[in-house]
Amino acid sequence: VRASSAGRVILVGAGPGDPDLLTVRGVRALEAADLVLYDALVDPRVLALAPRAGRFCVGKRAGRESVAESTIIRLLLRFARRGKTVVRLKSGDPFVLGRGGEEVLACGEAGVPVEVIPGVTSAIAGPGAAGIPVTHRGVVSGFLVLSAVPNEHFERVLRTISPEDVTVVVLMALGARASIASFARSLGWPRDLPAAVVVGASTPDAWTWTGTIDTLDQSSIPLRCRDLPGLVVLGRVVGLADAVSRATKKLDESEAAWPRTQRR
Ligand SMILES: C[S@@+](CC[C@H](N)C(=O)[O-])C[C@H]1O[C@@H](n2cnc3c(N)ncnc32)[C@H](O)[C@@H]1O
């Protein structure tokens with residue numbers, strides 16, 4: 001984080017949920033912030049790292065109102081021009097389905113200094129937290145990250161690939177589970193192709209379902225998770241989830257790792 005007396009905008013990726021997954025550079029930016037505009041998915045413990053900043057939620061969760069992107073950009077520019085350090089705190093990585101590019105370009109056009117601090121994206125760490133490596137030697141050597149909306153775009157891309165060649169990670173997918181499953185089947189994809197639903201990855205309420213594209217529409221999300229974000233994974237790597245989770249759980253249980261940020 002560059003020291004500057006002039007105002008600036010810093011886009012910070014907050015990671016998928018667990019505050020421990022924020023980068024060191026992200027922590028420094030928050031400590032330096034005068035103002036934080038944050039998405040609804042950001043953990044309050046991350047916001048607590050910006051004690052001297054004004055903090056405003058500008059994000060939305062399914063169905064609820066959010067602040068318009070044009071208003072967010074106006075606020076970023078206005079406060080940076082007043083000499084403030086404005087942190088735009090986004091879930092995951094700012095450049096993965098987060099409109100980070102638009103905000104950076106708007107700053108560039110307005111001549112406002114802007115920097116981007118990457119974050120751990122849920123597209124990789126979400127499946128990973130559920131024991132699903134997005135690539136695995138001898139199984140698959142690539143992965144595709146897509147949004148379930150808009151539907152036509154999602155379907156156009158899926159028509160061009162084979163699920164044996166790439167793992168498909170679908171964000172903003174919870175409400176589209178049934179249509180994802182039926183579309184994959186309509187493409188003639190093997191009905192036993194493994195599928196997973198990963199909800200609230202790296203949070204205390206994390207929940208994972210594994211099955212196949214044949215049973216994906218029967219995955220029923222527990223009530224306690226209804227407000228959490230989630231994604232769908234399609235591909236053979238889902239078959240590794242049990243073994244990988246068993247292997248990593250041993251370390252979690254022995255607490256041999258390092259002290260974690262206190263749970264709420
Ligand atoms: C608007 S997109 C932003 C993605 C974000 N920029 C990233 O890199 O993770 C929000 C979507 O990310 C996914 N997501 C975010 N956090 C998640 C989590 N903890 N567990 C599962 N999915 C998550 C969900 O699919 C959610 O609908």
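1. Let's start at the surface: Arg-52 is exposed, with a relative accessible area of 53%. Here "exposed" means over 50% relative accessible area, "buried" under 20%, and "partly exposed" in between, using a 1.4 Å probe and the protein chains only. Before going on, please keep in mind that this is a predicted model, in which local features need pLDDT of at least 70, side-chain atom pairs count only at pLDDT 80 or more, and totals for chains, interfaces and linings use all residues. Residues are numbered from 1 along each chain as its sequence is written, and side-chain values use heavy atoms, with hydrogens and water left out.

2. What does Arg-52 pair with? Its salt-bridge partner is Asp-34, and the closest N and O atoms are 3.2 Å apart. A salt bridge here is a side-chain nitrogen of Lys or Arg within 4 Å of a carboxyl oxygen of Asp or Glu. Asp-34 sits in the loop between α1 (24–32) and β2 (35–38), while Arg-52 is in the loop between α2 (44–47) and β3 (54–57), so the pair ties together parts that are 18 residues apart in sequence. Asp-34 itself is partly exposed, at 24% relative accessible area. For the element names, helices (H or I, at least four residues) and strands (E, at least two) are DSSP runs numbered from the N terminus.

3. Pro-51 also belongs to the loop between α2 and β3. Pro-51 is exposed, with a relative accessible area of 61%. Its C-alpha atom is separated by 39 Å from that of Arg-177, a residue 126 positions away along the chain.

4. Two further salt bridges are worth a look. Asp-214 and Arg-191 meet through their side chains at 2.9 Å, N to O. Asp-214 lies in the loop between β9 (207–212) and β10 (230–234) and Arg-191 in the loop between α7 and β8 (194–199), so this pair links parts that are 23 residues apart in sequence. Asp-214 counts as partly exposed, at 30% relative accessibility. Next, Asp-205 forms a salt bridge with Arg-224, with the closest N and O atoms 3.8 Å apart. Asp-205 is in the loop between β8 and β9 and Arg-224 in the loop between β9 and β10, so the pair ties together parts 19 residues apart in sequence. Both are partly exposed, Asp-205 at 33% and Arg-224 at 47%.

5. Salt bridges that share partners also join Asp-39, Arg-88, Lys-90 and Glu-103 into one network. The salt-bridge count comes to 13.

6. Now the ligand. How many residues surround it? There are 17, and the closest are Pro-16, Val-96, Thr-121, Ser-122 and Gly-230; a residue is included if one of its heavy atoms lies within 4 Å. This shell divides into 10 nonpolar, 6 polar and 1 charged, where Ala, Val, Leu, Ile, Met, Phe, Trp, Tyr, Cys and Pro count as nonpolar, Asp, Glu, Lys and Arg as charged, and the others, Gly among them, as polar.

7. Which atoms does the ligand meet? One of its oxygen atoms is 2.6 Å from an N or O atom in the side chain of Ser-122. An oxygen atom of the ligand is also 2.9 Å from a polar backbone atom of Asp-93, and a ligand nitrogen is 2.9 Å from a polar backbone atom of Ala-201. Taken alone the ligand exposes 570 Å², and the protein buries 91% of that.

8. Finally, Met-172 is found in the loop between β7 (167–171) and α7 (177–186). Met-172 is partly exposed, with a relative accessible area of 47%.

Terms used
Polar contact = N/O pair within 3.5 Å; in protein donor to acceptor, adjacent residues only side chain to side chain. Areas by Shrake-Rupley, 256 points an atom, 1.4 Å probe, with all protein chains shown as cover.
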